[in-house]
Amino acid sequence: MERALIIGSSGGIGRALANALKARGIDVTGLSRSGDGLDVTLETSIAEHIGRLNGPFDLVLTVTGALEIDGQAPEKSIRHLSAQAMADQFALNTIGPALILKHAIPLIPRDGRAVMATLSARVGSIGDNALGGWTSYRTAKAAVNQVIHTTAIELARSHKQAVCVALHPGTVATPFTQKYLGRHPAVPPAEAAENLLAVIDKLTPAQTGQFFDWKGEQIQW
Ligand SMILES: NC(=O)c1ccc[n+]([C@@H]2O[C@H](COP(=O)([O-])OP(=O)(O)OC[C@H]3O[C@@H](n4cnc5c(N)ncnc54)[C@H](OP(=O)(O)O)[C@@H]3O)[C@@H](O)[C@H]2O)c1
């Protein structure tokens, strides 16, 4: 890897990934809402910020997201579902990453290895869901998984060595999880970043379109 683009470089995991990549001597370009005014819920904003960049980037990481948007906590039950909260989840956790793929694909090399990784979440796995609850967040992550799988199929036609995947970072101690951790064990962001990079290092084009956890194990859809 030589050049990395991180969308969401201000987040707990995003910042740790930027630091870990820089420590490896990789040229890192970071974009964020608080640092650059990038709002991933607006295509105009994505087009403007990504459109200014010069490729190629052989690593594109989308690490934006939220469990709680505008104070709307994840639903404990379908009884608490709100159309607005669900639409907001889709705007941020599904449509945003989809639009980032759309606008960033022209920045990856057509020849040579490139990885486009989007942070999803294990709770977005339908097969793994035994608890219920968090309907909007789970559904938005399940939908982004479909976006990634579909994009990977298309990308493989033009970019034979590209790898486009969904990754679950594990439970990581960031602002994202602060209110929801309870006694659940969580790893520090720096450890999560090293775990994710170790997985990314080993990914091959044969694995494109799949969903992996921080150990490199495939997660069922
Ligand atoms: N932490 C965990 O345990 C965990 C577990 C599973 C999956 N994940 C996934 O990992 C990703 C990152 O989580 P994190 O723990 O690093 O969260 P975090 O520390 O809260 O960071 C969230 C990032 O998303 C950005 N963001 C939020 N809304 C945005 C918007 N409308 N436009 C642009 N950027 C926006 C924030 O930007 P600003 O701060 O600049 O506003 C920040 O960079 C998320 O997709 C999450 O679903 C996390």
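**A helix between two strands**

Modeller: Let's start here: β3, α4 and β4 make a right-handed β-α-β unit, where right-handed means that, with the strands pointing away from the viewer, the path from the first strand over the helix to the second runs clockwise. Helices (H or I, at least four residues) and strands (E, at least two) are DSSP runs, numbered from the N terminus. This is a predicted model, where local features need pLDDT of at least 70, side-chain atom pairs count only at pLDDT 80 or more, and totals for chains, interfaces and linings use all residues. Residues are numbered from 1 along each chain as its sequence is written, and side-chain values use heavy atoms, with hydrogens and water left out.

Biologist: How far apart are the end C-alpha atoms of helix α4?

Modeller: The expected span is 1.5 Å times one less than the number of residues. Helix α4 has 22 residues (83–104), so it should span 32 Å. The model agrees with that, as the end C-alpha atoms are apart by 30 Å.

Biologist: Which residue in β4 stands opposite leucine 59?

Modeller: Strands pair if DSSP finds at least two bridges between them. β3 and β4 run parallel and are joined by 4 bridges. Opposite leucine 59 you'll find valine 115.

Biologist: Are the β3 residues Leu59, Val60, Leu61 and Thr62 buried or exposed?

Modeller: Buried means under 20% relative accessible area, exposed over 50%, and partly exposed in between (1.4 Å probe, protein chains only). Leu59 and Leu61 sit on one side of β3, Val60 and Thr62 on the other. Both faces are covered, and all four residues are buried.

Biologist: Which residue forms a salt bridge with lysine 102?

Modeller: Side chains of opposite charge can pair when their charged atoms come close. The rule for a salt bridge is a side-chain nitrogen of Lys or Arg within 4 Å of a carboxyl oxygen of Asp or Glu. Here the closest N and O atoms are 2.7 Å apart, and the partner of lysine 102 is glutamate 43.

Biologist: What is the relative accessible area of aspartate 213?

Modeller: Aspartate 213 forms a salt bridge with arginine 122, with the closest N and O atoms 3.0 Å apart. Arginine 122 counts as partly exposed, at 28% relative accessibility. Aspartate 213 is buried, with a relative accessible area of 2%.
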